[in-house]
Amino acid sequence: MIEYDFENIYPPSEDTYLIIDYFKRKLSKTHFDGINLSKIKNVLDLGTGTGIIAIFLQLAILQKINFIANIVASDILGEAIICAKKNEALNKIQKKIRFIRSDIFNSFPENLRNAFNIMIFNPPYLPSSHLINNDNRKNIDLSWDGGFTGFEVLLNFLKKAKDYLNLENQYYIYFVSSSRTNLTILYKQIENLGFKNEIVDRKHVFFEDLVLNRIG
Ligand SMILES: C[S@@+](CC[C@H](N)C(=O)[O-])C[C@H]1O[C@@H](n2cnc3c(N)ncnc32)[C@H](O)[C@@H]1O
């Protein structure tokens with residue numbers, strides 16, 4: 001159960017469910033997308049919005065004996081953190097998720113360096129609109145506005161991600177991208193950062209293809 005009665009919070013949408021439905025298919029009694037559950041120590045849901053992805057994973061942890069990971073959920077918007085905490089309580093999860101208000105990793109504590117086996121970011125992935133300027137920009141625009149190319153926020157995240165990944169164990173980074181951006185350039189830039197990307201699912205929605213990607 002998720003409430004999103006906040007003006008600036010992204011409601012769970014097709015991209016959100018592209019991620020959650022994939023996770024539902026890939027979560028077994030013992031494994032998450034091929035990784036043994038007991039090997040997953042820390043999971044990051046970056047840009048958590050309503051908290052829906054973090055809450056889905058936390059509920060899975062409560063149901064599975066050998067899934068003991070800590071979930072960290074973060075967002076640049078304080079309002080999102082309030083909304084996600086409210087949804088955590090609505091789902092009767094007793095303060096299990098750790099919430100951090102942060103612009104990407106800027107406000108993360110030192111002890112989360114090298115910590116994460118799984119990172120999820122459903123980022124703002126559309127190119128900026130010429131209709132939006134500093135005078136009329138709203139907080140909700142942070143949900144979709146990925147800068148000039150549409151993937152500036154994503155690349156800023158990926159540039160820093162290695163500092164927070166647990167590179168000694170198997171890791172995956174999941175993110176959504178859109179065919180409304182130049183995916184050839186995006187994938188080339190991801191390769192230049194030393195990552196190997198794979199498309200694991202996609203969905204056609206109105207005027208675009210939403211693509212679920214996995215790095216790892
Ligand atoms: C497309 S919404 C996804 C929300 C939620 N994860 C979902 O899938 O429904 C993108 C989210 O990223 C957050 N965001 C945008 N820029 C960010 C940044 N620089 N650092 C952290 N979060 C950011 C937005 O506030 C928004 O909640």
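Valine 43 is buried, because 25 other C-beta atoms lie within 10 Å; a residue counts as buried if 20 or more other C-beta atoms, placed from the backbone, lie within 10 Å of its own. The model is predicted, so local features need pLDDT of at least 70 and side-chain atom pairs count only at pLDDT 80 or more, while totals for chains, interfaces and linings use all residues. Residues are numbered from 1 along each chain as its sequence is written.

**Valine 43**
- Valine 43 sits in strand β3, residues 42-46, where a strand is a DSSP run of E with at least two residues, numbered from the N terminus.
- Leaving aside residues up to four places away in sequence, valine 43 touches Leu57, Ala69, Ile71, Phe116 and Ile118, contact being defined as C-beta atoms, placed from the backbone, within 7 Å.
- Although valine 43 and alanine 115 are 72 residues apart along the chain, 8.4 Å separates their C-alpha atoms.

**Serine 74**
- Serine 74 belongs to strand β4, residues 70-75, and it counts as buried because it has 25 C-beta neighbours inside 10 Å.
- Not counting residues up to four places away in sequence, serine 74 touches Leu46, Thr48, Phe99, Ile100, Arg101 and Ser102.

**The ligand**
- The ligand is surrounded by 21 residues, of which the closest are Thr16, Gly47, Gly49, Ile76 and Asn122; a residue is near a molecule if its C-beta atom, placed from the backbone, lies within 6 Å of it.

Key
Helices (H or I, at least four residues) and strands (E, at least two) are DSSP runs, numbered from the N terminus. A residue is buried if 20 or more other C-beta atoms lie within 10 Å of its own, exposed if 12 or fewer, and partly exposed in between; C-beta atoms are placed from the backbone. Two residues are in contact if their C-beta atoms, placed from the backbone, lie within 7 Å.
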